[in-house]
Amino acid sequence: MTSRREFIRNTAIAGAGMSILPQYMAGMQQSTVKEELRVGLIGVGLRGTNHLRNLLQRKDVRVTAICDIDPDRITLCEALIREMGKSRAKVYGRSDQDYLNLLASDQVDAVIISTPWLWHTRMTVDAMKAGKYAGVEVSAANTLEECWDLVNTHEATGTHMMILENVNYRRDVMAVLNMVKQGIFGELVHFRCGYQHDLREVKFNNGKQPYGGGVEFGEKAISEARWRTLHSVKRNADVYPTHGLGPVAVMADINRGNRLLSLTSHASKAIGLHNHIVRQGGEDHPNAKVKFKQGDVITTTVDTARGETIIITHDCNLPRPYSLGFRVQGANGLWEVDGNRMYVEGMSEPHKWDEATAWLEKYDHPLWQKYGEYAAGAGHGGMDFFVLNAFVESAKANVVPPMDAYDAAAWSAVTPLSEASINRKGEPQDFPDFTRGMWIKRAPYTWMKDTY
């Protein structure tokens with residue numbers, strides 16, 4: 001620089017260019033939407049195979065690669081691809097690290113990761129580093145370090161990732177989101193949610209079938225019981241928070257005008273899995289001696305920056321019917337999923353619940369109105385179509401997805417923070433601000449549309 005004045009002038013020009021660049025890039029992204037997305041699948045167990053079935057039905061997707069270390073799953077998926085009349089996908093799976101070769105392929109634009117939890121973050125990070133748009137099954141991370149890895153890698157590479165939380169697209173959840181956006185409940189105050197699901201026959205099997213039939217886990221089992229049950233042995237934590245938290249986090253504008261501040265967690269005694277082993281396998285079965293660390297019912301209370309509270313319940317080891325336990329409560333009324341009931345002051349009969357069905361039909365989300373019939377066979381009551389569609393459309397345009405790296409980090413952080421709180425007898429734990437202050441001005445995603 002020949003003078004201070006020239007330095008200031010050139011710096012100002014550069015600064016103006018940086019302020020224009022994001023808008024310019026957004027325009028470029030919109031004008032270069034891919035007509036066909038080339039997708040690789042990493043992990044094709046039961047969940048990955050379901051994604052494969054749905055992808056093969058799309059005209060704008062070509063599955064170019066599949067990766068799994070289980071040759072039986074590869075054989076099954078190759079047969080499925082042939083049945084659908086699609087081109088053969090390149091196969092990876094010679095070792096645990098062969099997914100890196102898939103990520104190096106120039107025939108893959110985006111990947112869907114449906115592997116055991118301990119692989120989620122490392123594979124997603126490697127995908128972003130390789131420039132591949134990444135979709136990862138839930139939860140996205142196990143530790144706070146992994147949560148930061150997702151955010152830091154996204155920011156360093158500029159590559160996007162999406163947490164594939166399908167419950168955000170459940171029909172009743174989206175109808176209630178519509179009601180929230182229209183202010184039917186008034187100012188939001190309180191939420192309840194969780195994962196309340198009898199998983200005893202998911203966590204144990206006979207080594208021959210994926211669900212039940214025995215009380216084996218680990219090396220003697222197959223499918224989820226081979227790896228998922230070990231988390232109940234080793235960790236006293238809410239290890240699966242996002243099915244409940246994801247939907248209410250969107251309603252509460254978390255990371256976009258609001259954020260999670262702190263939590264406290266408590267765990268009950270752990271008897272459910274032991275009782276199941278004894279009942280099904282007998283007191284002399286070797287697994288009857290296993291000490292399970294995870295409490296049967298884990299209750300977490302979260303505070304937000306805007307003053308709402310969220311109660312998250314993890315209840316998977318005892319006999320019970322399925323429920324995610326949703327409650328959305330505002331100054332003017334509330335919805336509770338258990339009992340299918342709604343109450344809105346001034347519109348409901350005072351002090352009496354309305355049956356919620358009519359409300360949910362009235363506020364049915366535009367996405368479900370448009371695609372509901374088509375989505376019906378996609379899995380999980382249609383939710384799987386919508387979450388996969390959002391991923392594909394976001395990846396084709398290379399834009400920020402509805403549920404991004406900051407959401408993946410914040411929602412998944414409940415696991416390590418609940419573990420720390422339980423270990424410290426319910427001591428409050430602060431959530432990191434994964435947005436580094438940007439939550440204050442980040443605009444909410446436009447959920448109220450009929451595209452994705």
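1. Threonine 115 sits in the loop that runs between strand 4 (110-113) and helix 5 (120-129), where helices (H or I, at least four residues) and strands (E, at least two) are DSSP runs, numbered from the N terminus. With a relative accessible area of 12%, threonine 115 is buried; buried means under 20% relative accessible area, exposed over 50%, and partly exposed in between, with a 1.4 Å probe and protein chains only. When neighbours within four places in sequence are left aside, threonine 115 is in contact with Ile42, Gly43, His120 and Met123, contact being heavy atoms within 4.5 Å.

2. On provenance, this is a predicted model, in which local features need pLDDT of at least 70 and side-chain atom pairs count only at pLDDT 80 or more, whereas totals for chains, interfaces and linings use all residues. Residues are numbered from 1 along each chain as its sequence is written, and side-chain values use heavy atoms, with hydrogens and water left out.

3. For the chain as a whole, there are 16 helices and 15 strands, and 55% of the 452 residues count as buried. The C-alpha trace spans about 85 × 60 × 45 Å along its principal axes. Among the contacts with a separation of 6 or more, 72% come from residues 24 or more positions apart. Carbon and sulfur atoms hold 52% of an accessible surface of about 20300 Å², computed by the Shrake-Rupley method with a 1.4 Å probe, and for residues only the protein chains shown count as cover.

4. Helix 15 (residues 405-412) deserves a separate look, since eight of its eight residues are buried. They are Ala405, Tyr406, Asp407, Ala408, Ala409, Ala410, Trp411 and Ser412. These buried residues pack against helix 6 (144-157), strand 6 (161-163), helix 10 (242-251), strand 8 (260-267) and helix 16 (414-423).

5. How many cavities of 30 Å³ or more are there? The count comes to five, a cavity being a set of points, on a 1 Å grid over the protein atoms alone, where a 1.4 Å probe fits but cannot get out, while a pocket is an open set with protein on both sides within 12 Å along at least five of seven lines, and lining residues have an atom within 4 Å of a point. Grid points are joined across faces, edges and corners, and a volume is the space filled by probe spheres set on the points. The largest cavity holds about 80 Å³, and its lining includes Asp253, Arg256, Asp407 and Trp411. Helix 10 and helix 15 are the elements that give two or more residues to this lining. By class, the lining of the largest cavity has eight nonpolar, no polar and four charged residues, with Ala, Val, Leu, Ile, Met, Phe, Trp, Tyr, Cys and Pro counted as nonpolar, Asp, Glu, Lys and Arg as charged, and the others, Gly among them, as polar.

6. The second largest pocket has a volume of about 470 Å³. Of the 18 residues that line this pocket, Arg256, Val400, Asp404, Arg442 and Ala443 lie nearest its centre. The lining of the second largest pocket divides into 10 nonpolar, four polar and four charged residues.

7. The peptide bond from valine 138 to serine 139 is cis, with omega near -15°, and serine 139 lies in the loop between strand 5 (133-136) and helix 6. Histidine 351, in the loop between strand 13 (341-344) and strand 14 (354-355), has a positive phi near 65° although it is a residue other than glycine, and counts as exposed at 79% relative accessibility. Asparagine 398 likewise has a positive phi, about 55°; asparagine 398 is found in the loop between helix 14 (383-397) and helix 15 and is partly exposed at 38% relative accessibility.

8. Finally, glycine 372 belongs to helix 13 (residues 366-375) and counts as buried at 8% relative accessibility. Beyond its neighbours within four places in sequence, glycine 372 is in contact with Leu367 and Phe386.
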